[in-house]
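Student: Can we go through this structure together? I'd like to start with the sheet.

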Amino acid sequence: MPRAGLPALRLTRKALNSLRLPEGLAFEEPSGRMPRPGRTWAVGDAFSGRVQFALVTSIPGRTILVDDGLATIHLLELLSSRRPLLRARGKPSFGRSVLGATAGFRLRGRKLTVFTALPVPDDLASAVRKTGTRLVTHDFAWLRSQPSERPPQERTIVLGTSLVRNGLIHRDRYLGWLEGIGEPVAYYPHRREDPRDLERVSRIPGLTINDVGIPVEMTLRDLGPDQRVLSMPSTAVTSLRVLLAARGVPVETVEVPDEWWTASAGPSLRTHLQQFAHHASPGAEPGSGGGRPGTSPGSGSDLPGATPGSGSVHPGTTPAPGSVHPGATPDPGKVAS
């Protein structure tokens, strides 16, 4: 049941319903109400106040958390250290802190399974499992098995960013970088990009905006090894590396130069965002059908399952498209002990 009031979720639901959904799975109309937890309850955001309230007012059962955003790592750290489930960098009230603490206590007792594509460091994965939580990583096996529409024809695909609208990087530096790529570009806007910025982006010669409104993991899953994806720091970098590793498609994070950052981007936030530049595509975990927890952020691209050429690039020094060839990347679906 998608949350109401979010156009992107409505579009995503429509796109998913056009695929071969697993037997027994159906998508309801978006709703403003929270489904009551049953014997098995799957949720996408354990930091949501509505989700936490449902947790503390329901009979304990089995809960599955499905989340591929970086907030998942923060959640795992809080669960393993038995701290309140509160969003990073927030300023919660006393009541919200009590709710977060109670929800964490209840969640650890609900036969919790965390299902994610994110690489989880070994020490964190071990600590999480000691709480009784089952940690399962995946490589988008179902999504990769689905037929897809024709991918963009351009060799270079650029993912849009919210960093400009959030006031974290200078607009002109970012637009200047886009103008300087020097080849045809398929541009996939971030859902929070300012329409005025997109209007300026649309005037860049050779750049085509593809504003499809659904996750790039769905629209770019059929790219070929002669194409590449470039992005500012984003969780989409990590998920696309997992998704596209078997196809030999390089997914590169553009490391943000110091002069691009604004005064609003403090050192800790910059470090937090730049870690995406060093995520490697994880290998598989036995029985998970996906990535191996224990591939630490910042571990480099020389680990099993890493896409050759994946990693970080600097503006103006991006490796040439086509440098990664079919068969060069281990299949992330293969089980490794």
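This is a predicted model: local features need pLDDT of at least 70, side-chain atom pairs count only at pLDDT 80 or more; totals for chains, interfaces and linings use all residues.

**Strands, then helices**

Tutor: Four strands form an open sheet in the order E1-E2-E3-E4, with parallel pairing. Strands are DSSP runs (E, at least two residues), and helices are runs too (H or I, at least four), numbered from the N terminus. Two strands pair if DSSP finds at least two bridges between them.

Student: Which are the edge strands?

Tutor: Strand E1 (40–43) and strand E4 (134–137), each pairing on one side only. From one strand to the next, the twist averages 20°.

Student: How many bridges join E1 to E2?

Tutor: Four, and E2 covers residues 62–66. Thr40 stands opposite Arg62 in E2.

Student: Helices now. At what angle do H7 and H8 pack?

Tutor: About 30°, with the axes of H7 (residues 171–179) and H8 (residues 195–202) 10 Å apart. So H7 is roughly parallel to H8 (angles under 35 degrees count as that). Axes are lines fitted to C-alpha atoms, for helices over the stretch in contact, and angles run from 0 to 180 degrees between N-to-C directions.

Student: Which residues meet there?

Tutor: Arg171, Asp172, Leu175 and Leu178 in H7 meet Asp197, Arg200 and Val201 in H8. Contact means heavy atoms within 4.5 Å.

Conventions
Residues are numbered from 1 along each chain as its sequence is written. Side-chain values use heavy atoms; hydrogens and water are left out. Angles under 35 degrees count as roughly parallel, over 145 as roughly antiparallel, 65 to 115 as roughly perpendicular and the rest as oblique.
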